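Here's a quick briefing to read alongside the 3D view. Take a look at the chain first, then work through the points below.

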Amino acid sequence: MIQLKDVSKIYKTEMIETIALSHVSFEVKKGEFAAIMGPSGSGKSTLMHILGALDLATSGEYILDGESVSKLTQDELADIRNRKIGFIFQAFNLLPRTTAIKNVMLPMAYAGIPKEERLEKAKKYLEMVGLKDRMYHTSNQLSGGQQQRVAIARGLVMNPAILLADEPTGNIASAQAEEVMSLFQKLNEEGHTIIMITHEPDIAAHANRIIHVRDGIIINDEINKHKLKVKS
Amino acid sequence: MDIRELIIECFSTLTVNKMRTGLAILGIVIGIGSVIALISLGEASQKMIENQIQSLGSNLLTVQPGGQSNGAVRGAQGGGTTLTLEDAKAIQSSPTITSVKTISPELSRRAQVIVGRNNTNTQIYGVHPSYAEIRKLTLSSGVFITTRDVETMSKVAVIGPQVATDLFGDGVNPIGRMIRTGTQSLKVVGVTVAKGGSGFNNQDDMIYVPLSTAQKQLYGVSYLSSISVEAKSQDVMTQAQNEVGYLLLARHKFNDPTQADFSIMSQADIMNTASQVTGTFTTLLSGIAAISLLVGGIGIMNIMLVTVTERTREIGLRKALGAKQRIVILQFLFEAIILTITGGIIGMILGVLISFILSSTMNLPFTISWGAIFLAMGVSGVIGVVFGWYPAQKASQLQPIEALRYE
């Protein structure tokens, strides 16, 4: 499903070379729920950018859902992101002053899906994340947890190969964080592949597999034996 | 996402911050508004001049003394004293002249005219009866200068309605009353019909007296200030001009036409001169207005650059969700174009309104210059593209990671 083969990322400024990732290889199979953990500066954000096709690796190969994402143009990357990846950001990143349903429809608009189908699907996914009666609220009228659920619905509408979540609970209250994590577990049980980047052990504990990154290399990659199951 | 949806989205984005949108388009509104107002007013005043000159008669030639080189000295047009009544009579009676219908010898001067405590400064025309025919003058009351008046040097005057109002007040019948200019008193025998108009050559603000009276009684001179010549038709204008020209050259003993001490102008010549002047003014003012359009365009570019910076995160998100560069460019380009075209439409309405108000207060005919309107709309669209392109390009070049991280 996802394959990183010997991936390195080096940032060059005029004077210094910074190695953000050094020869990283791993695989995530379909239906997995993996957490990538590490302190700040460990390279986990760089890893997330490469996994999310937001950035290209300096060397090595990245294969996403059977497609090589190593040497693509900006527009081709945009297309990959649109079809294959559902993003969930720490700061939700909903369009301001825009209704929940319009936010969810946005990726489908870029994919050129006809308007009726967009409406129908957006309603379906908002219902799934439990926001049926908040569809026409604008993002600033929703709580943090609700906004993140809108973002999850937006991440799901294109039926992507992976859901890529970057500190999904970083900006929301702990009670609502539990709700979001329970939603992730439910989605995972339904067969969605999820990769979550976090520095909080409590949050990472909800995943099936935990990958530890430090100084640009994977230092530990194991099955989570103490998986925290949230009641939904 | 099709174009229609993109445009709808741009509209909703622009309505969020109405104050800023309003201020952003103000430059374009003022620029387009002044271009349209100025061009419309320019066309209106040109039309008015044409109407006025046309109303003087289109088969008309005007012979004026001076105006061409006299030795090394170039005489001022109409300033010479070489044109005489004998010249006029010669044009009238010469067997070589076949294309002339009527002539009118004239002596005109500005003078102070007094009635009791009222006085006005106006143009006094010493004329023959043929003047009324050539200039298509009609009277609202009384009679015009007659041949007998000219022969007997009668002290009579025909006045324009403006003069009548200035000297006698509204609603007073001036026929039979006396007016005074210099040491002479003249009896009003007729009032001409109001023709409207203002400024240059206002026919309502004139006094006509017998030519002989003007020459001998009022001013003590024997020359003419002009001879109006009416050709038999518009087709023989050039022929008439040549015939009169050669006759006068012979009478004044000139061999070389460039040395002549008189000039002959047709109404078309006069009209061209007048149009040239207003045309130059219109071009000049439109140039200034165009500069304000340029400034308006730069204002749009500025606000679009601010918008792009402000919405960096939004742009990053859109790109993360799959927006291609083209879509991002189009989105911001459309916003700029919508701004400038909206500004253009408001400016157009404003410009038409201004030219309507000004033309009604200045007594000009109101014209809408469609050319100017299409030009202005086109220009505002082009300004949108030109000044929106750079910010849109900048937005589309943003790297999604950098943009998402931007605070």
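Let's start with overall size: a compact globule of 232 residues would have a radius of gyration near 17 Å, and chain A has 17 Å, so the two agree. That radius is taken over C-alpha atoms, and the globule rule is 2.2 Å times the number of residues to the power 0.38. Keep in mind that this is a predicted model, where local features need pLDDT of at least 70, side-chain atom pairs count only at pLDDT 80 or more, and totals for chains, interfaces and linings use all residues. Residues are numbered from 1 along each chain as its sequence is written, while chains are lettered from A and ligands numbered from 1 in the order in which they are written.

**Overall build**
- Along the principal axes, the C-alpha atoms of chain A fill a box of roughly 50 × 40 × 35 Å.
- Chain A has seven helices and 10 strands (DSSP runs numbered from the N terminus: helices are H or I with at least four residues, strands are E with at least two).

**The sheet**
- Six strands of chain A form an open sheet with mixed pairing, in the order β6-β7-β8-β3-β9-β10 (strands pair if DSSP finds at least two bridges between them).
- At the edges sit β6 (85–88) and β10 (217–223) of chain A, each pairing on one side only.

**A closer look at one pair**
- In chain A, β7 (residues 162–166) and β8 (residues 193–198) run parallel and are joined by five bridges.
- Here A:Ala165 stands opposite A:Met196 in β8(A).
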